[in-house]
Amino acid sequence: MDQISPPFRIAIVAMLAVCALWFTVLKPKDPGTDTAASDPTAPGVTGLSNDVTAAKGAATKSDAANAKVQAATGGVEAKADATATTKSKPATTGKNGGIAPSTTAKAKTTDASAPLLRALDRKDTVVLLFWNRRGSDDRAVRRAVRATARHHGHVLVKAAPVAQVARYEAITSGVQVLQSPTVLVIGPDRKARAVTGFTTKSELDQVVSDTLKAAKPAKK
């Protein structure tokens, strides 16, 4: 090294410095390496991704199973009778809030009101009670309805649990049954008169008499 002239020694040292600088600082890096190093997977991310995928798969299977059940049962369309007890279904009514005459002809064979409609066709009067046997007022009204005057067979009396209002759709479609006990007095003119809450035999007899008088044709 002592035999090399100073200029050459300076040049060699400079070259070595440049080489060292090249390998440590100036050499281009692999872009893929930088990306992998700068975006490491956070702890737990892989497991979370797997859980999400599994949950989506389970939801898909559940939807498919529910679709099969609904297809087999015809869908969810059933309604409890308790819904019908609070309010009767609005429907076509006759004049002055009465029962439409067409209702008699269209009564379903499963409608429990069919015998009542036949009585109306005979120009009789119908007394229909909706009651709850657990209520004391209901039981008292039930006894009053049983004792109602029959007017020589021209008054038909019927009592039904309030939970069965929907079964008498042909009768209740023109009126509202919102509570029990409720007594419907329906004359031959198909006008329904509702007596709600506690009532007595004398009151019911009066309502029936008024109903029969109102249904009689006026004398010329």
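## How the strands pair

Two strands count as paired if DSSP finds at least two bridges between them. Helices (H or I, at least four residues) and strands (E, at least two) are themselves DSSP runs, numbered from the N terminus. With that in hand, strand E1 (residues 125-131) pairs with E2 in the parallel sense over 7 bridges. Within this pairing, Val-127 stands opposite Val-157 of E2.

Before we go on, please keep in mind that this is a predicted model, where local features need pLDDT of at least 70, side-chain atom pairs count only at pLDDT 80 or more, and totals for chains, interfaces and linings use all residues. Residues are numbered from 1 along each chain as its sequence is written, and side-chain values use heavy atoms, with hydrogens and water left out.

## The whole sheet and its helices

Let us step back to the sheet. It is an open one, formed by 4 strands in the order E2-E1-E3-E4 with mixed pairing. At its edges are strand E2 (155-161) and strand E4 (192-196), each pairing on one side only. On average, neighbouring strands are turned by 15 degrees against each other, direction ignored. Here axes are lines fitted to C-alpha atoms, for helices over the stretch in contact, and angles run from 0 to 180 degrees between N-to-C directions.

Helix H7 (residues 136-146) packs on this sheet and touches E1, E2 and strand E3 (182-186), where contact means heavy atoms within 4.5 Å. The direction of H7 makes about 160 degrees with that of E1. Helix H9 (residues 201-215) packs on the sheet too, touching E1, E2, E3 and E4, and its direction makes about 25 degrees with that of E3.

## Inside the fold

A nonpolar core is a set of buried Ala, Val, Leu, Ile, Met, Phe, Trp, Tyr and Cys residues joined through side-chain atoms within 4.5 Å. Buried means under 20% relative accessible area, exposed over 50%, and partly exposed in between (1.4 Å probe, protein chains only). The largest core has 18 residues, and Val-126, Leu-128, Phe-130, Tyr-168, Ile-171 and Leu-184 touch the most other members. Helix H6 (114-121), E1, helix H8 (169-172) and E3 each supply at least two residues of this core, and H6 gives the largest share, 4 residues. Apart from it lies another core, of 15 residues, including Val-141 and Leu-204.

H6 has four names to look for: its buried residues are Leu-116, Leu-117, Ala-119 and Leu-120. They cover an arc of only 155 degrees around the axis, so they sit on the same side of H6; the arc is that of the directions from the helix axis to the C-beta atoms.

## Salt bridges

How many salt bridges does a search of the whole structure find? There are 3, each being a side-chain nitrogen of Lys or Arg within 4 Å of a carboxyl oxygen of Asp or Glu. In one of them, Arg-190 meets Asp-121, with the closest N and O atoms 2.5 Å apart. Because Arg-190 lies in the loop between E3 and E4 and Asp-121 in helix H6, this pair ties together parts that are 69 residues apart in sequence. Arg-190 is buried at 10% relative accessible area, whereas Asp-121 is partly exposed at 44%.

Another joins Asp-205 and Lys-201, whose closest N and O atoms are 2.6 Å apart. Both residues lie in helix H9, 4 residues apart, about one turn of the helix.
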